[in-house]
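Biologist: Hi, I'm new to this one. Could you walk me through it?
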Amino acid sequence: MADFDPASWLGRTQDVHDQLSRNLIRRIAATFDVEAPGHGEELPWLWHWCFFNEPVDCSGLGPDGHPVLGGFMPPAHGRNRMWAGGRLEFLAPLRIGGEACRKTRIERIEEKSGRTGSLLFVTLGHEYWQDRQLCIREEQDIVYREPTPPKLAEGEPVPPGDWQHDVVPDPTLLFRYSAVTFNAHRIHFDWPYVTETEGYPGLVVHGPLTASLSLAAFVRANPLARLRRFAFRGVRPLIAPGAFQVGGRHTEPGVAELWASNSSGICQRADVLFD
């Protein structure tokens with residue numbers, strides 16, 4: 001059960017300003033092994049996750065590497081944090097080089113019971129603004145679970161796809177993505193911690209990294225598509241350095257389903273609406 005009054009956290013807001021700097025853009029591009037877009041060009045899909053990350057002093061981090069809770073985010077003492085999924089609406093492009101702002105509101109807090117015990121769900125609503133224009137509307141689902149060993153059961157089989165791309169998530173890729181997102185969560189780079197403390201068999205691939213690779217594969221296969229909405233949710237953890245695939249298929253005009261999968265089945269699902 002929640003050890004706090006959810007009503008006292010609902011509706012809390014936070015504004016974070018950032019500059020979509022060319023220097024960080026080059027580092028993100030190097031992480032994904034793609035050419036860096038130039039000043040004034042559109043920010044590639046989901047690269048905004050590498051910005052608007054408030055720096056926290058090392059003294060303000062918990063044992064898992066996340067900021068200590070109980071400030072803006074509600075307390076979840078003794079639980080492990082996961083970014084379970086989210087939904088995005090793309091209204092206008094963010095432009096590289098300009099300043100932008102993320103406005104955040106805590107929309108929902110809910111306690112549930114799952115296979116791994118008690119789960120605390122926190123839904124964050126984000127709005128991304130640039131030059132007084134709303135560019136992206138997003139909801140993020142953050143889950144805090146009791147520290148029980150992860151269940152790595154077999155996943156659903158992968159359906160026939162219209163495109164597929166192979167990914168080998170080596171520790172360098174995970175480290176670099178943690179670096180460009182200023183994410184100190186130790187499950188992505190600290191082998192002794194992730195295996196001995198949290199019980200995973202290896203380093204865990206970031207959910208947003210997987211979603212970014214999945215959407216990039218869609219864009220390569222559909223270069224003329226103009227994205228309108230994107231939604232994703234984690235199904236099973238991906239463990240490095242095990243190879244996985246990102247692929248998808250069209251289900252009807254302007255609609256596609258995406259997935260990330262390994263030899264044990266689907267690990268992340270996503271849906272895209274596009275023009």
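This is a predicted model: local features need pLDDT of at least 70, side-chain atom pairs count only at pLDDT 80 or more; totals for chains, interfaces and linings use all residues.

Biologist: OK, which residues of helix α1 are buried?
Modeller: In α1, residues 22-32, they are L24, I25, I28, A29, T31 and F32. Helices here are DSSP runs of H or I with at least four residues, strands are E runs of at least two, and both are numbered from the N terminus. Seen down the axis, the buried residues of α1 fall within an arc of 155°, so they line one face of the helix. That arc is taken from the directions from the helix axis to the C-beta atoms.

Biologist: And what does the face turned away carry?
Modeller: The exposed residues R26 and R27.

Biologist: What do the buried residues of α1 pack against?
Modeller: Against α2 and α4, where contact means heavy atoms within 4.5 Å.

Biologist: How do the axes of α2 and α4 cross?
Modeller: The axes of α2 (residues 171-180) and α4 (residues 207-221) come within 10 Å and cross at roughly 100°. That makes α2 roughly perpendicular to α4; angles of 65 to 115 degrees get that label, under 35 is roughly parallel, over 145 roughly antiparallel, and the rest oblique. The axes are lines fitted to C-alpha atoms, for helices over the stretch in contact, with angles from 0 to 180 degrees between N-to-C directions.

Biologist: Which residues make the contact?
Modeller: L173, L174 and Y177 from α2, with P208, L209 and S212 from α4.

Biologist: New topic: how many aromatic pairs are there?
Modeller: Ten. Rings of Phe, Tyr and Trp (its six-membered ring) pair if their centres lie within 6.5 Å; planes under 30 degrees apart are stacked, over 60 edge-to-face, and the rest tilted. F32 and Y177 have ring centres 6.1 Å apart and planes at 55°, so that pair is tilted. The pair links distant parts of the chain, with F32 in α1 and Y177 in α2, 145 residues apart.

Biologist: Is Y177 buried or exposed?
Modeller: Y177 is buried, at 2% relative accessible area.

Biologist: Which rings form a cluster?
Modeller: Ring pairs link W49, W83, F230 and F232 into one.

Terms used. Residues are numbered from 1 along each chain as its sequence is written. Side-chain values use heavy atoms; hydrogens and water are left out. Buried means under 20% relative accessible area, exposed over 50%, partly exposed in between (1.4 Å probe, protein chains only).
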